[in-house]
Amino acid sequence: FKRSGAPFAIICGTDALYAAHAAELAKALKGAGAGVVHLAGRGGDLEAALKDAGVGGFIYIGCDVPKVLKDVHKQLEAA
């Protein structure tokens, strides 16, 4: 991630992979310089743990996309 120069990352996978790896991956991405980390999908039962690990938001079908984008911009400005 460091070499990419990207200011944010989106974790994409399956619910099973999220349960097993998303929190660890979010921490690693934040540690590698990701100013913002989002997850593609709903947080569900994992939402609190994912947020604690550094996930700043969730992108899913039916979400308020303009609000998500505004939130990402705010998070990037603060990072």
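Guide: Two strands are said to pair if DSSP finds at least two bridges between them. Please note that the model is predicted.

Visitor: Which residue in β3 is the bridge partner of V37?

Guide: Strand β2 covers residues 36-40, and strand β3 covers residues 55-59. These two strands pair in the parallel sense over four bridges. Within β3, the bridge partner of V37 is V55.

Visitor: What is the handedness of the β-α-β crossover from β2 to β3?

Guide: On leaving β2, the chain passes through helix α2, residues 47-52, and then reaches β3. This β-α-β crossover is right-handed.

Visitor: Which strands are the edge strands of the open sheet?

Guide: The sheet is open and has three strands in the order β1-β2-β3, with parallel pairing. β1 and β2 pair over four bridges, as do β2 and β3. An edge strand here pairs on one side only, and this holds for β1 and β3.

Visitor: Which element gives the most residues to the largest nonpolar core?

Guide: The largest nonpolar core has 13 residues, and I11, V37 and V55 are among those with the most contacts inside it. Two or more residues come from each of β1, α1, β2 and β3. With four residues, the element that gives the most is α1.

Visitor: At about what angle to β2 does helix α3 run?

Guide: α1 lies across β1, β2 and β3, at about 160° to β2. Helix α3, residues 65-78, also lies across β1, β2 and β3. The angle of α3 to β2 is about 155°.

Key
Residues are numbered from 1 along each chain as its sequence is written. This is a predicted model: local features need pLDDT of at least 70, side-chain atom pairs count only at pLDDT 80 or more; totals for chains, interfaces and linings use all residues. Side-chain values use heavy atoms; hydrogens and water are left out. A crossover is right-handed if, with the strands pointing away from the viewer, the path from the first strand over the helix to the second runs clockwise. A nonpolar core is a set of buried Ala, Val, Leu, Ile, Met, Phe, Trp, Tyr and Cys residues joined through side-chain atoms within 4.5 Å. Buried means under 20% relative accessible area, exposed over 50%, partly exposed in between (1.4 Å probe, protein chains only). Contact means heavy atoms within 4.5 Å. Axes are lines fitted to C-alpha atoms, for helices over the stretch in contact, and angles run from 0 to 180 degrees between N-to-C directions.
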